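Subject: Structure handover

Hi,

Here is the structure I promised to pass on. Please open it alongside this note.

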Amino acid sequence: MDLWDRVGRQAQPPRVALSYLRIALAGIEIADAEGLDAVSMRRVAMGVDAGAMSLYRYVNSRDDLVELMVDEVYSAFPSAPRSGDWRMDLAEAARRIRDVTLTHPWLAGRSVPRIGLGPNLLRMLESTLALVDGYGLTVDRMLDVLETLQAFVHGYVLDEITEQEAQRHTGLTLSQAQQQQESHVRRIMESGRYPQFARVVTDSADDLDPHVVFERRLRYILDGLASAFR
């Protein structure tokens with residue numbers, strides 16, 4: 001039986017008071033703190049004070065467990081009301097995707113077709129698709145628009161997460177890490193062999209707010225997507 005068929009029917013009550021929600025929240029807590037690789041049936045069972053075998057009343061495998069977790073994360077994803085301005089609507093959707101992914105970094109890079117179709121994810125997909133409906137786009141063009149936007153957001157967030165992890169591991173900010181390489185960078189610039197790199201070093205803004213950069217690059221993406229709406 002499919003996971004979501006079982007969720008709809010609910011499992012028979014075991015000796016320990018479990019629920020799909022408790023299981024999902026326990027897995028999310030572990031993944032948020034330690035990454036998705038740390039999530040296992042045993043760890044989640046410990047988190048809900050149950051035996052690992054008790055979880056199998058609810059989920060058949062770790063893949064089912066992760067699917068349950070993903071769907072629960074998207075229960076907090078607000079449905080964006082359609083304003084009639086596609087740029088405004090897609091910009092707001094991009095910000096919400098970024099916020100959710102930064103809150104749950106283990107979501108970054110996960111493909112929607114590979115993470116199941118739970119009710120919360122379906123609700124999010126339905127409301128997001130509705131943002132680009134009614135503009136004369138074919139279904140394929142609608143998917144092109146949304147998947148292009150999602151690819152940008154996930155790529156940007158992956159860079160943010162990578163930098164955050166680097167700071168945790170090294171204890172150094174990006175600026176401090178760059179300072180440690182200052183003498184090496186100076187030699188590179190003095191060689192004259194890498195003029196574009198030298199230009200980046202001398203002319204680019206230092207420690208620019210990632211939110212500001214996100215908004216600027218989002219505008220570029222929306223400018224490019226405008227051709228789909230003509």
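This is a predicted model: local features need pLDDT of at least 70, side-chain atom pairs count only at pLDDT 80 or more; totals for chains, interfaces and linings use all residues.

Start with helix α8, residues 139-170. It has 32 residues and reaches 46 Å from its first C-alpha to its last, close to the 46 Å expected. Its buried residues include M142, L149, F152, Y156 and I161. H154 and E160 are also among the buried ones. What covers them? The cover includes α6 (86-103), α7 (119-130) and α12 (210-225). After α8 comes G171, with a positive phi near 75°.

Next, helix α5, residues 62-73. It has 12 residues and spans 17 Å, close to the 16 Å expected. α5 is mostly covered, with 9 of its 12 residues buried. Among them are D64, E67 and D71, along with L65, V66 and L68.

Now the rings. A search of the whole structure gives 7 aromatic pairs. One is Y74 with F77: the centres are 5.9 Å apart and the planes are at 55°, so the pair is tilted. Y74 counts as buried because its relative accessibility is 8%, under the 20% cut-off. F77 is buried too, at 5%.

F152 and F214 form a stacked pair, because their planes are at 20°; the centres lie 5.5 Å apart. This pair links distant parts of the chain: F152 is in α8 and F214 in α12, 62 residues apart. Both are buried.

Finally, ring pairs join W86, Y135 and F229 into a cluster.

Best wishes

Conventions. Residues are numbered from 1 along each chain as its sequence is written. Side-chain values use heavy atoms; hydrogens and water are left out. Helices (H or I, at least four residues) and strands (E, at least two) are DSSP runs, numbered from the N terminus. The expected span of a helix is 1.5 Å times one less than its number of residues. Buried means under 20% relative accessible area, exposed over 50%, partly exposed in between (1.4 Å probe, protein chains only). Contact means heavy atoms within 4.5 Å. Rings of Phe, Tyr and Trp (its six-membered ring) pair if their centres lie within 6.5 Å; planes under 30 degrees apart count as stacked, over 60 as edge-to-face and the rest as tilted.
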